[in-house]
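Here is a report on the structure shown below.

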Amino acid sequence: MTLSRNARLLLAAVTGLVLLVIYLPLGLVLVNSFNTSTSFTWPPSGFTTKWWDAAWHSAGARDALALSLEVAAFATVISLVLGTMAALALQRYRFFGRDAVSLLIILPIALPGIVTGIALQNAFTKILGISLSFWTIVIAHATFCIVTVFNNAVARLRRVGGNLEEASMDLGAGTFTTFRLVTFPMLRSALLAGGLLSFALSFDEIIVTTFTAGAGSQTLPLWIFENMFRPNQAPVVNVVAAALIVLSIVPIWLAQRLSVDDEGLPTAAP
Amino acid sequence: MSETAAISLRDLSKSFGTVQAVDGVDLDIADGEFFSMLGPSGSGKTTVLRMIAGFEQPTSGTILLAGEDVTGRPPFARDVNTVFQDYALFPHMSVIENVEYGLRVKKVGKGDRRRRAAEALETVRLGHLGSRRPGQLSGGQRQRVALARALVNRPKVLLLDEPLGALDLKLRREMQIELKEIQRDVGITFVFVTHDQEEALTLSDRIAVFNDGRIQQVASPRELYEGPQSAFVAGFVGTSNLLTGPAARAVVGREGTFSIRPEKIHLDAVPEGARTTEGVVREVVYLGSANHYVVDLDAPPDGSGDQATLTVLRQNLNAEDNRVSRRGERVRLGWLPEHVIDLSASEAQPAPMEETA
């Protein structure tokens, strides 16, 4: 498609404006993490690394970060196992209620977090009688993390088709050998992309976490939310935010690279 | 015959929902035979092949491989291998890894399986491409890798699902000859699915013609062409030149349904003892080495009220054949009585639908 000169300029301007609106505030956070002023006056009165030093030594921030990483890791592992199994079942077999199950798996990602949070809290504490803990966060996160793995796996399975698996069985491989030697290698990059996205989703989740976290379990987003309005903690929070911006680039960049496979065909995004 | 047959199908049926894909197929395929299943798309030939391979479970009936009932067995517990229409090579493995896959999953030692895979690649003249990925090969090369991958397991039966369908004509011809040679060398039973009648005639020892999930006729290529038993077979294998109703009465001189192959009809010069008829050339189709003359006959319309026509095939030998067109010219056609194929018997039978229901 060719565009006129004016149209191209207009599109470039709009694109630039949108990117500016998104990334200028993020840039400000980064700059402010080195700002000597605790109230973030603009322009910065001077630059210092003492907030980075303070954040590095903040026990609260470190514990919260460790907990968030653990939660995200467990939620991702659960999602990878269950999401892959669900994708295989729904993509390779026909059974009664197949479409309904597919819808039910995808639904949690569209549900408002507050609804999921309240529902899970009720179910855990009132119905099942479990006290909220580390594991209740993991389970809550897994409910929507499954979707990213599932969607990636389904898209890949649909594109690859069932022929390779039939060929494998035809050559004498049983179901599990076929999965190990053919299906899994075909799925690998899709699962990595889905897993990274699910890790990122869990890592920054706050609403559902608020409702399902046990008393001693404070994830990083919860810690930030609690500390951001305390004047003496604000610069440290700012540093943590800045660090997260830098760290988030990695998995998203990787996920994007991985979802474009050898033939250059992108798989469906979640 | 069923004791020694490589494959025996007994009253095999398969329905998908309300669609009857395969309807009561009985078939014996002999050991070492090159057997083709020929039919239009949707005639059930591929479904029969997939049931022999074990990818589909028959709705009813039994499948015997070398006399052994394998109907309920999964694909990996049957001594057959398949060459798929789209080859289904594993894209994440090299060519040699693809070929040795069957040996690998059967726990053949690494050195042994590498050697046998290399031999199999040599058989299909691809010994030098073992380290390539399937994505780096041409269509014809992929086809041969798929063949080597199946043959390396030395199956009792090799199933081929339109394996030449994706190749261009020239390559197709080459591969047809190669397939035939390989089959003769390895002596394995080949079951070949195709919708290309020429391919089936070229390659096969015997052909089963499928239509609507049923076998219309099983015969050698020659028998099938010279003596089709139904109008469908006559029409699907070659040009049928069907004559029915009043047209048949006028042209052949008898009641019934008849077919005369185009190359058996003489144009202009008619031989001694031939039966003749007259008509007007409607179309001349230039085929290179020969011409097809479509002649509207003076005879009354056929059984369904259509203009009676005969297609004549004639080699490009004579000066008049090279004239741009003989369209509109009056011509005399002649043929020997023994070249008239009588299809009346099959037409007189009730439609097979009621027969098997």
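## Helix α4 of chain B

In α4(B), four residues are buried: B:Arg113, B:Ala117, B:Ala120 and B:Leu121. Buried means under 20% relative accessible area, exposed over 50%, and partly exposed in between, with a 1.4 Å probe and protein chains only. These four sit on the same side of α4(B) because they cover an arc of only 100° around the axis. The arc is that of the directions from the helix axis to the C-beta atoms.

This is a predicted model: local features need pLDDT of at least 70, side-chain atom pairs count only at pLDDT 80 or more, and totals for chains, interfaces and linings use all residues. Residues are numbered from 1 along each chain as its sequence is written, chains are lettered from A and ligands numbered from 1 in the order in which they are written, and side-chain values use heavy atoms, with hydrogens and water left out.

The face of α4(B) turned away from the buried side carries B:Gly111 and B:Glu122, both exposed. The cover over the buried residues of α4(B) includes α2 (95–99), α3 (101–105) and α5 (139–151) of chain B. Helix α4 of chain B covers residues 110–123, 14 residues in total. From first C-alpha to last it reaches 20 Å, close to the 20 Å expected at 1.5 Å a residue. That expected span is 1.5 Å times one less than the number of residues. B:Arg125 follows α4(B) and has a positive phi, near 60°.

Helices (H or I, at least four residues) and strands (E, at least two) are DSSP runs, numbered from the N terminus.

## The sheet and its helices

Chain B has an open sheet of six strands, in the order β6-β7-β8-β3-β9-β10, with mixed pairing. β6 (80–83) and β10 (214–219) of chain B stand at the edges, each with a single partner strand, so one side of each has no neighbour in the sheet. From one strand to the next, the twist averages 20°. Two strands pair if DSSP finds at least two bridges between them.

| Strand pair | Sense | Bridges | A bridge pair |
|---|---|---|---|
| β6(B) and β7(B) (157–161) | parallel | four | B:Val83 and B:Leu160 |
| β13(B) (266–267) and β17(B) (330–335) | antiparallel | two | B:Leu267 and B:Leu333 |
| β14(B) (275–286) and β17(B) | antiparallel | six | B:Val280 and B:Arg330 |

Helix α1 (residues 45–53) of chain B lies across β3 (34–38), β6, β7, β8 (189–194) and β9 (206–211) of chain B. α1(B) runs at about 145° to β7(B). α5(B) packs on the sheet as well, touching β6 and β7 of chain B. The direction of α5(B) makes about 175° with that of β6(B). Axes are lines fitted to C-alpha atoms, for helices over the stretch in contact, and angles run from 0 to 180 degrees between N-to-C directions.

## Two buried glutamines

B:Gln143 lies in helix α5 of chain B. It counts as buried because its relative accessibility is 0%. Leaving out residues up to four places away in sequence, B:Gln143 touches B:Val83, B:Tyr87, B:Pro163, B:Leu164, B:Leu167 and B:Met175. Contact means heavy atoms within 4.5 Å. B:Phe84 is 59 residues from B:Gln143 along the chain, yet their C-alpha atoms are separated by 8.9 Å.

B:Gln183 has its place in helix α6 (residues 169–186) of chain B. It is buried, with a relative accessible area of 6%. Beyond residues up to four places away in sequence, B:Gln183 touches B:Gly32, B:Glu33, B:Phe34, B:Ile188 and B:Phe190. B:Gln183 and B:Leu203 are 20 residues apart in sequence and 10.0 Å apart in space, C-alpha to C-alpha.

## Chain B and its interface

Chain B contains 12 helices and 18 strands. Its C-alpha trace spans about 75 × 50 × 35 Å along the principal axes. Of the 357 residues in chain B, 51% are buried. Among contacts in chain B between residues at least 6 apart in sequence, 64% join residues at least 24 apart.

How many residues of chain A are in contact with chain B? There are 18, and they meet 23 residues of chain B. The area buried between chain A and chain B is about 1700 Å². Carbon and sulfur atoms give 63% of that area. On the chain A side, A:Asp170, A:Leu171 and A:Leu181 lose the most area to chain B, together 40% of what that side buries. Buried area is the accessible area (1.4 Å probe) that two parts lose on being put together, summed over both.
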